[in-house]
Amino acid sequence: KEICRNRAVNSILSAYARKASSQNIDVNMDVRLPEGLPVRDIDWVAILANVFENAIHGCVCSGLEEMEIHIYIAKKGHKVVIQCSNTSTEKISFHNGLPRSDKGGGLGVFSIIRAASRYKGETDFVVENGQCVTRILLNLPE
């Protein structure tokens with residue numbers, strides 16, 4: 001199923017959407033990316049695989065019957081905007097603005113930050129209205 005024209009992004013999102021669906025998580029995606037963006041495939045993997053993996057984990061750990069993940073990705077001018085929100089428990093702890101991991105030591109969050117920094121990007125992790133929200137902004141060369 002084609003989610004967007006960017007082959008790497010399409011492959012990553014398709015694989016993780018299947019994984020989420022297999023755990024009864026509703027996935028809604030609005031992805032508006034062209035082909036040929038100057039973002040390395042390995043950086044897409046570092047960002048999107050970790051964001052999606054964290055979202056799946058957050059849903060499953062919420063203990064709620066109805067779980068959902070919303071992903072929005074779009075190119076706006078010379079920027080790529082990524083936002084992922086997922087069903088979550090309100091009990092997520094943060095340290096220095098970053099969510100603390102209850103499993104792997106938080107390497108996924110640091111991988112997201114490291115990849116975003118290659119594009120002079122910004123990251124933001126918050127809990128709002130029972131949703132864990134991850135926002136990433138990548139700056140593309142002009």
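F52 is buried, with a relative accessible area of 0%. Buried here means under 20% relative accessible area, exposed means over 50%, and partly exposed lies in between (1.4 Å probe, protein chains only). The model is predicted: local features need pLDDT of at least 70, side-chain atom pairs count only at pLDDT 80 or more, and totals for chains, interfaces and linings use all residues. Residues are numbered from 1 along each chain as its sequence is written, and side-chain values use heavy atoms, with hydrogens and water left out.

The pLDDT is the predictor's confidence in each residue, from 0 to 100. Its average over the protein is 91, and 89% of the residues score at least 70. Among the elements, β2 has the highest mean pLDDT (98), whereas strand β4 (residues 94–95) has the lowest (62). Helices (H or I, at least four residues) and strands (E, at least two) are DSSP runs, numbered from the N terminus.

Helix α1 spans residues 7–22. Its 16 residues reach 23 Å from first C-alpha to last, close to the 22 Å expected at 1.5 Å a residue. The expected span is 1.5 Å times one less than the number of residues. The buried residues of α1 include V9, I12, L13 and Y16. Their cover includes β1 (25–32), α2 and β2 (67–76). After α1 comes N24, whose phi is positive, near 60 degrees.

Aromatic rings were examined next. Rings of Phe, Tyr and Trp (its six-membered ring) pair if their centres lie within 6.5 Å; planes under 30 degrees apart count as stacked, over 60 as edge-to-face and the rest as tilted. This rule gives one aromatic pair. Y16 and F52 form a stacked pair, 5.7 Å centre to centre, with 25 degrees between the planes. The pair links distant parts of the chain: Y16 belongs to helix α1 and F52 to helix α2, 36 residues apart.

A nonpolar core is a set of buried Ala, Val, Leu, Ile, Met, Phe, Trp, Tyr and Cys residues joined through side-chain atoms within 4.5 Å. The largest has 40 residues, and W44 and I69 touch the most other members. Helix α2 supplies the largest share, 10 residues. In soluble globular proteins, nonpolar side chains tend to be buried together.

A55 lies in helix α2 (residues 41–62). A55 counts as buried because its relative accessibility is 1%. Contact means heavy atoms within 4.5 Å. Not counting residues up to four places away in sequence, A55 touches I69, C84 and N86. With the same exclusion, the contacts of I69 include F52, A55 and I56.
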